[in-house]
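Try each task yourself before you read its solution.

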Amino acid sequence: MTHSTLITVAPTGAESAKADVPALPVTIDEVVATARDCEAVGASVIHLHVRDADTRPTLDLGRVREVVSAVRENTDLIVQLSSGGAVTDPFDARLAVLDAEPDAASLTLGTVNFGRDVFSNPWDLIVELHTQMQQRGIVPEYEVFDLGQLATLTRLLDRHGLPHGGRVHVDLVMGVPGGMPGTAQALTACLPFLPPGATFAATGVGRTSLPVMLAALSAGGHLRVGMEDTLTYAPGEPVRDNAQLVARAAGLARIAQRPPMSTDDARSFLGIKPMEVAL
Ligand code: KMH
Ligand code: ZN
């Protein structure tokens, strides 16, 4: 079991509208402020979806590059871009975010119903993302929405080799309507299907955030929290900001005697170049 806990913040996502959730960080200044606040309370990775000047999700490369460099200039966080985007995004635009040269990027291992929508991730897209990340030195975080997607991960690694950095790190995304439930039982069921030597984090969407976080910590896993996944802190209490969610995750990690991982340690854990070499 890793001594410390890697905490990823997913501050924005592609699903919530700024008009409905005024605390959602969408401008570059808001994303930078959130990134700094979350780093200060224990995050070491930021999972980014970018919004345009009208607050809508965008994969516009210029805008994505701007956000990546703003976060890098103001924090030591590992910058992980979403390659999932929004359910409406075409595959070529999702692949093109790799041109922004993030440290890391998400890579979802299968198609899944996503509420009333479909989050489409066919095999050829998975292979293309995996091999392009290998070639470009970008570290993937394998997003798993259902247990069968872990079999796809094993097939992917068997056929196409280990990711850049050598670490196979999985994020179990739980509680999405259409994916696996956000329960301790579902999390435990996934663990035997992780590839040998792989590490995992877990994310519980909506009200599954706390049970998933507690189950992940007890099983030696890492954590992802943020307003991409959770907008209610407690029944009837909206999330104040992303740092509130990171602080709660960091507090639970300390109680589990696996305190938040520093950004330096997170880089070495994930096989990402140290900050001074990266710049
Ligand atoms: N926005 C979801 C459709 C990812 O970032 O890689 C997909 C998602 C996964 O959030
Ligand atoms: Zn995402």
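The exercises below cover a metal site, a helix and some charged pairs.

This is a predicted model, in which local features need pLDDT of at least 70, side-chain atom pairs count only at pLDDT 80 or more, and totals for chains, interfaces and linings use all residues. Residues are numbered from 1 along each chain as its sequence is written, chains are lettered from A and ligands numbered from 1 in the order in which they are written, and side-chain values use heavy atoms, with hydrogens and water left out.

**Exercise 1. Find the protein donors of the zinc ion (ligand 2) and their spacing along the chain.**

Step 1. Donors are N, O and S atoms within 2.8 Å of the metal (3.2 Å for Na, K and Ca); water is not among the atoms, so sites may look incomplete.

Step 2. H47 (NE2), H49 (NE2) and E228 (OE) are the protein donors, lying 2.1 to 2.2 Å from the zinc ion.

Step 3. Along the chain, the donors follow the spacing H-x1-H-x178-E. Distant parts of the chain are linked here: H47 sits in strand 2 (residues 45–48), while E228 is in the loop between strand 10 (222–225) and strand 11 (232–234), 181 residues apart. Helices (H or I, at least four residues) and strands (E, at least two) are DSSP runs, numbered from the N terminus.

Step 4. Check burial: buried means under 20% relative accessible area, exposed over 50%, partly exposed in between (1.4 Å probe, protein chains only). H47, with 2%, is buried, and E228, with 18%, is buried too.

**Exercise 2. Which residues of helix 2 are buried, and how do they lie around its axis?**

Step 1. R63, V64, V67, V68, A70 and V71 are buried in helix 2.

Step 2. Seen down the axis, the buried residues fall within an arc of 165° (taken from the directions from the helix axis to the C-beta atoms), so they line one face of helix 2.

Step 3. Their cover includes helix 1 (28–40), strand 2 and strand 3 (78–81).

**Exercise 3. Describe the salt bridge between D103 and R72.**

Step 1. A salt bridge is a side-chain nitrogen of Lys or Arg within 4 Å of a carboxyl oxygen of Asp or Glu.

Step 2. The side chains of D103 and R72 meet at 3.2 Å, N to O. This pair links distant parts of the chain: D103 is in the loop between helix 3 (91–96) and strand 4 (104–108), and R72 is in helix 2, 31 residues apart.

Step 3. D103 is buried at 9% relative accessibility, whereas R72 is partly exposed at 26%.

Terms used: Contact = heavy atoms within 4.5 Å.
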